Amino acid sequence: MPETTSTPQTADFLVVANRLPVDRRTGPEGELQWRTSPGGLVTALEPVMKRKGGAWIGWHGAPDETIEGFEHEGYSIVPVPLSSQDVEEFYEGFSNATLWPLYHDVVVPPVYHREWWQTYREVNQRFAQAAAAHAAQGATVWVQDYQLHLVPAMLRELRPDLRIGFFLHIPFPPKELYQQLPWRRELLEGLLGADLIGFQLPGGATNFVNLAKRLVGVQMTRDRIRMPDGRVVLAKAYPISIDANGFRDLAREPDVQAEAAQLREDLGNPKRIFLGVDRLDYTKGLRQRIRAFGELFSSGELDPDENVFLQVATPSRERVEEYRKLRDDIDLLVGRINSEVGRIGSPAIAYRHDSYPRTTMAAMYSIADVMVVTPLRDGMNLVAKEYVACHEGDDAALVLSEFAGAAKEMKQAYQCNPHDLDGMKETIMRAANDSTMNRSRRMRLLRKQVFSHQIDDWANDFLRDLGA
Ligand code: GDG
């Protein structure tokens, strides 16, 4: 339970993100509780905030409500209010029905509405004002993700004394897709207000620089962007990671181990457990993955008496039309498969549409023999890295889509193209049936990779280049 104190006037280090890192819950006695929210951005930045202190500026998740700031885990929470209309047009609309699909290879068609764009600008201005009001002289402000594209330039206008960084957690698209955007120049100019713009992969940085040259007319000096006013902006890749030590230690805790044993028992002690963990999002390739397992079970390649596919889909963006449709499709698909294969009381696909504490996630990772991560497009994908950090035994395997940013680093995963159903099925079976020697060698190399580049390295690299 946080103290509800007034937030300090200013901070030297600020994170600005659409959402605060906490969700409000009602506890068993009806008391107010704040729980760390799920999602990649929070998983990545929370350890950084705990270490550095400062202020996190964001929306608390409930519309039409203004709440007081408070202290949480050693840093200040500064809420920015959003109205129902803001949520509809800025968040569900422009952020999640325009930019999100456009930046993820137009997996579904992006929707363009001028009203959404107006609200997006207004809300970005509100975030910029909140950051300006809470930043000390010369402070470092780290703006996060596609919902706040315009904040760097707006903030620079208000506070030229600040060091401003921006990190994009999702892919930055190639010009063939990006150029669809009616507001393509304004969005680039918004980002160019930062001193440093970080991307997950070098390809994203290259896409951005090429577009900035073409649409904004900036000059390049080696890897630096030179702005008309003489300012220099750096655009570079910083592949994000996890607190691997923290996840490993969590998975080793006796309570988590006990939960893992119970979970295995609940699943009927199968010979082999396949696991998928995703936000319920159309970019994550859930339809394709579930179809692949359906075919593997019904063809007999996977015996439902010996194998279980556990899929957790965390509720996400439930008011956006495409997400509702996805939820219904998955329910239908899983229901159909389970009605045709497996036995009463022990379904072949154990599907949960729910969100779990991190301890349960660690328990799941530790019992999964094959982790299946098959997004159609993903900036990085932290789940792949969390699995490797949490799963102790070497005789295990990670199946990973070529279209996840993580595939660039995690070369030893069993990689597949999730659009190719037969290819994906073949890769899942290869990962499951490969020799212990091969699987162990790959797992050891993956572990080495994940433990050698952790979240602090990512944050330190970024903040060092920002001159913070
Ligand atoms: C974006 C980019 C990029 C999931 N369900 C629960 C839960 N989670 C946690 C996982 C993991 C995180 O959420 C999901 O991260 P991902 O990276 O897989 O995906 P996105 O949410 O789409 O994240 C992505 C990331 O930002 C970071 O830059 O990698 O590409 O799309 O940490 O463990 N956590 C808990 N309960 C759940 O039910 N506690």
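Visitor: How do the residues of the shell around the ligand divide into nonpolar, polar and charged?

Guide: This is a predicted model, where local features need pLDDT of at least 70, side-chain atom pairs count only at pLDDT 80 or more, and totals for chains, interfaces and linings use all residues. Residues are numbered from 1 along each chain as its sequence is written, and side-chain values use heavy atoms, without hydrogens and water. Ala, Val, Leu, Ile, Met, Phe, Trp, Tyr, Cys and Pro count as nonpolar, Asp, Glu, Lys and Arg as charged, and the others, Gly among them, as polar. The shell holds 11 nonpolar, nine polar and five charged residues.

Visitor: Which residue has a polar backbone atom 3.0 Å from an oxygen atom of the ligand?

Guide: Polar backbone atoms of methionine 380 and leucine 382 are each 2.8 Å from a ligand oxygen atom. At 3.0 Å, the residue is glycine 379.

Visitor: How much of the ligand's accessible area does the protein cover?

Guide: On its own, the ligand has 730 Å² of accessible area (Shrake-Rupley method, 1.4 Å probe).

Visitor: Is threonine 66 buried or exposed?

Guide: Threonine 66 has 68% relative accessibility. Buried means under 20%, exposed over 50%, and partly exposed in between (1.4 Å probe, protein chains only). Therefore threonine 66 counts as exposed.

Notes. Polar contact = N/O pair within 3.5 Å; in protein donor to acceptor, adjacent residues only side chain to side chain.
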